[in-house]
Amino acid sequence: MPSKVRKARRQIRHRRVRKKIFGTSARPRMAVFRSLNHIYVQIIDDIAGHTVAAASSLDPQIRAEVNGGGKAKSEVSAIVGSLIAQRATEKGVSSVVFDRGGFKYHGRTKALADAARAGGLIF
């Protein structure tokens with residue numbers, strides 16, 4: 001399947017998911033975006049319209065930990081998940097709504113979510 005079609009279908013799934021999911025200040029939305037090489041996650045308060053916390057595989061903390069690039073993408077995703085849980089807890093966020101961004105809940109997305117739960121986030 002061509003990449004344009006794949007991207008368009010993911011965006012349609014994401015819009016369908018976003019109709020039901022909404023982040024408040026009490027329970028913000030944890031949005032995940034997965035590119036070919038990297039993974040990004042934000043905790044967003046949709047009412048205020050601002051990002052509470054963010055982490056990605058491009059963060060200097062994670063780059064230092066991954067270092068030589070010998071880790072699998074799912075392992076890096078788990079590290080990003082634990083980092084976002086730590087940053088959210090520092091900001092006083094303990095409960096979130098998970099927005100998988102139209103991606104299947106498996107692989108890197110699942111690894112990130114499991115690590116965030118292990119880090120103390122409730123969803």
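Student: Is Thr 109 buried or exposed, and what is its relative accessible area?
Tutor: Thr 109 is buried, with a relative accessible area of 0%; buried means under 20% relative accessible area, exposed means over 50%, and partly exposed is in between, with a 1.4 Å probe and protein chains only. Before we go on, please keep in mind that this is a predicted model, in which local features need pLDDT of at least 70 and side-chain atom pairs count only at pLDDT 80 or more, while totals for chains, interfaces and linings use all residues. Residues are numbered from 1 along each chain as its sequence is written, and side-chain values use heavy atoms, with hydrogens and water left out.

Student: Where does Thr 109 lie, and which residues is it in contact with?
Tutor: Thr 109 lies in helix H4, where helices (H or I, at least four residues) and strands (E, at least two) are DSSP runs numbered from the N terminus. Leaving aside neighbours within four places in sequence, Thr 109 is in contact with Arg 34, Phe 98, Arg 100, Phe 103 and Lys 104, contact meaning heavy atoms within 4.5 Å.

Student: Which other residues of H4 are buried, and what do they pack against?
Tutor: Besides Thr 109, the buried residues of H4 are Arg 108, Ala 111, Leu 112, Ala 113, Ala 115 and Ala 116. The buried residues of this helix pack against E1, E2, H3 and strand E4, which runs 97-99. After H4 comes Gly 120, whose phi is positive, near 115°.

Student: OK, new topic: how many residues does the largest nonpolar core have?
Tutor: The largest nonpolar core has 24 residues, and those with the most contacts inside it are Met 30, Val 41, Ile 43, Ile 84, Leu 112 and Leu 121. A nonpolar core here is a set of buried Ala, Val, Leu, Ile, Met, Phe, Trp, Tyr and Cys residues joined through side-chain atoms within 4.5 Å.

Student: Which elements give two or more residues to this core?
Tutor: They are strands E1 (29-34), E2 (39-45) and E3 (50-56), together with helices H2 (60-66), H3 (73-90) and H4 (108-118). The largest share of this core, 7 residues, comes from H3.

Student: And what does Val 41 touch?
Tutor: Not counting residues up to four places away in sequence, Val 41 touches Met 30, Ala 31, Val 32, Ala 53, Ala 54, Ala 55, Val 80, Ile 84 and Leu 112.

Student: In which sense do E2 and E3 pair?
Tutor: E2 and E3 pair in the antiparallel sense over 6 bridges; two strands pair if DSSP finds at least two bridges between them. The two strands form a hairpin with 4 residues between them, and Gly 49 in the turn has a positive phi of about 75°. Within this pairing, Tyr 40 stands opposite Ser 56 in E3.

Student: What about rings, how many aromatic pairs are there?
Tutor: A search of the whole structure finds 4 aromatic pairs. Rings of Phe, Tyr and Trp (its six-membered ring) pair if their centres lie within 6.5 Å; planes under 30 degrees apart count as stacked, over 60 as edge-to-face and the rest as tilted. Phe 98 and Phe 123 form a stacked pair, at 5.2 Å centre to centre and with 10° between the planes. This pair links distant parts of the chain, 25 residues apart, with Phe 98 in strand E4 and Phe 123 in the segment after H4.

Student: Are those two buried or partly exposed?
Tutor: Phe 98 counts as buried at 15% relative accessibility, whereas Phe 123 is partly exposed, with a relative accessible area of 23%. Elsewhere, ring pairs link Phe 33, Tyr 40 and Phe 103 into a cluster.

Student: Last topic: which residue forms a salt bridge with Arg 29?
Tutor: Asp 99 does, the closest N and O atoms being 2.9 Å apart; a salt bridge is a side-chain nitrogen of Lys or Arg within 4 Å of a carboxyl oxygen of Asp or Glu. Asp 99 lies in strand E4 and Arg 29 in strand E1, so the pair ties together parts that are 70 residues apart in sequence. Both Asp 99 and Arg 29 are buried.

Student: And which residue does Asp 59 form a salt bridge with?
Tutor: Asp 59 forms a salt bridge with Arg 87, the closest N and O atoms being 2.7 Å apart. Asp 59 is in the loop between E3 and H2 and Arg 87 is in helix H3, 28 residues apart.
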